[in-house]
Amino acid sequence: MKFFVDTADVAEIRDLAATGMVDGVTTNPSLIAKSGRKFLDVLAEICSVVDGPVSAEVTATDFDGMMAEAARLLEVASNVAIKVPLTWDGLKTCKALSSKGTQVNVTLCFSPAQALLAAKAGAAFISPFVGRLDDISEDGMALIEDIRRIYDNYPGFTTEILVASIRHPLHVVQSAKIGADVATLPPAVLRQLALHPLTDKGLAAFLADWQKTGQSITAAT
Ligand code: E4P
């Protein structure tokens, strides 16, 4: 399973990339606004830190506008993936860009039918938002199961399931059990994945016992 980080905070991306766990980055207009920086500047910096796909979202809502914005975003770096919303104009843009070899991430997916359309449009990634479905008392993970089942029926589909709007580690584990291809994680959730109270407790006990021996592994004997 690939891990992307869902942020436009370059310091966080740099820090997490150093762990070797980061396969890509997703951004959206809200995350760019939160960064307080110019979109193209922050995008260029993120692309220089991470080799994998960096999703950059268009803000036009019509086909011509999306194509013009995509052209500008693609000039920034070779690892930019264009993110389009799941609308008819977004799907048309996806088809046009993916036919020319551009990676497209179709975002704001909330139903299996929408995911089917994105695959037919040649999307590299479909982004179903599990947390936002859970927020309205729907079952986000059931959507991931449905999309996995549908895509597996058609080996010609190459679209990867990129689980988005992740809120906690359980979402990541459930996505992995279902066989989702990618999870995009807020930095805090990625950090949480390594944590367990018994790990901390066990390590503290080992170190306390080790200290009693008075030994050092690296000091000369
Ligand atoms: C994905 O690409 C989106 O940027 C993101 O996962 C949205 O998450 P949110 O629902 O926490 O805003």
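Predicted model: local features only at pLDDT ≥ 70, side-chain atom pairs only at ≥ 80, totals over all residues.
1. Eight strands, written 8 in the count, close into it in the order β1-β2-β3-β4-β5-β6-β7-β8, and their pairing is parallel. On average, neighbouring strands of this sheet are turned by 30° against each other, with direction ignored.

2. Next, look at where β1 meets β8. Strand β1 covers residues 2–6 and strand β8 covers residues 182–185; the two run parallel and are joined by 4 bridges.

3. Helix α5 (residues 88–99) lies across β4 (80–85) and β5 (104–109), and runs at about 155° to β4. Helix α6 (residues 112–120) packs on the sheet too, where it touches β5 and β6 (125–128). The direction of α6 makes about 165° with that of β5.

4. How do α1 and α3 lie relative to each other, parallel or perpendicular? Helix α1 (residues 10–17) and helix α3 (residues 39–49) pack at an angle of about 5°, their axes being 10 Å apart. The two helices are therefore roughly parallel to each other, since angles under 35 degrees count as such.

5. From α1 come Val-10, Ile-13, Arg-14 and Ala-17, and they meet Val-42, Glu-45, Ile-46 and Val-49 in α3. By class, this contact has 6 nonpolar and 2 charged residues, with no polar ones.

6. Finally, visit the ligand. Around the ligand you will find Asp-6, Thr-26, Asn-28, Lys-83, Phe-129, Arg-132, Ala-164, Ser-165 and Arg-167. A side-chain N or O atom of Asp-6 is 2.7 Å from an oxygen atom of the ligand. For Lys-83, a polar side-chain atom lies 2.6 Å from a ligand oxygen atom. In the side chain of Arg-167, an N or O atom is 2.8 Å from an oxygen atom of the ligand.

Technical notes:
Residues numbered from 1 in each chain as written. Heavy atoms only, no water. Axes fitted to C-alpha atoms, helices over the stretch in contact; angles between N-to-C directions. Parallel < 35°, antiparallel > 145°, perpendicular 65-115°, else oblique. Contact = heavy atoms within 4.5 Å. Nonpolar A, V, L, I, M, F, W, Y, C, P; charged D, E, K, R; others polar. Pairing = 2+ DSSP bridges. Near = heavy atom within 4 Å. Polar contact = N/O pair within 3.5 Å; in protein donor to acceptor, adjacent residues only side chain to side chain.
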